Amino acid sequence: MENAEEEIQVVKEEEPSPKLGAKSVKTKVPEIEVHLFRRGKGPVDVFKSTLGGWDRDQLEVLDILDKYGFKSLYAFNTQSGRGVPVRFNPKNGRSLLTYTDGSVVYIDGEPKDSLIKPITRTIFGLAVLAVLLAVFVKETPEWFKKSNFLGNLS
């Protein structure tokens, strides 16, 4: 037993102590402040975004599009409104224009189109077509009689 306790004490004494003069180097990641608008209304969100790319001077446009559900981004001015589109490389999702660290950027986003409208229009169009066929055909189709769509037609 005593040998085990002595070994533990020896191991504790052999642990390296932290260096007193050790320095750690931290590099500052370039960031910009983004004021994000949706169709000119807002701001929807104000956030800091890190700059990417080899020179750390490009905005991560694809990340913003995905996060907020936009199909496109535009430069924005609170007095004059929407400006030119923010172009980006489709391969890496970074802006083609460069930005400097600490910049404040105003961006307006165009939301993605909803699939509910086209689907609803299609279903409504098919229903109107079925009713028109049933009304203007001399004999009412058998499937229309069985469907009980407009009540009992007999």
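Mentor: What follows goes from the sheet to one of its strands and then to a residue in that strand. This is a predicted model, in which local features need pLDDT of at least 70 and side-chain atom pairs count only at pLDDT 80 or more, while totals for chains, interfaces and linings use all residues. Residues are numbered from 1 along each chain as its sequence is written, and side-chain values use heavy atoms, with hydrogens and water left out.

Seven strands form an open sheet with mixed pairing, in the order 5-4-7-1-2-3-6; strands here are DSSP runs of E with at least two residues, and helices are runs of H or I with at least four, numbered from the N terminus, and two strands pair if DSSP finds at least two bridges between them. The edges are strand 5 (81-85) and strand 6 (94-98), each of which pairs on one side only.

Strand 4 (residues 70-77) runs antiparallel to strand 7 (residues 104-111), and five bridges join the two; Leu-73 stands opposite Gly-109 in strand 7.

Ser-72 lies in strand 4, and it counts as buried because its relative accessibility is 19%, where buried means under 20% relative accessible area, exposed over 50% and partly exposed in between, with a 1.4 Å probe and protein chains only. Leaving aside neighbours within four places in sequence, Ser-72 is in contact with Leu-65, Asp-108, Gly-109 and Glu-110, contact meaning heavy atoms within 4.5 Å.
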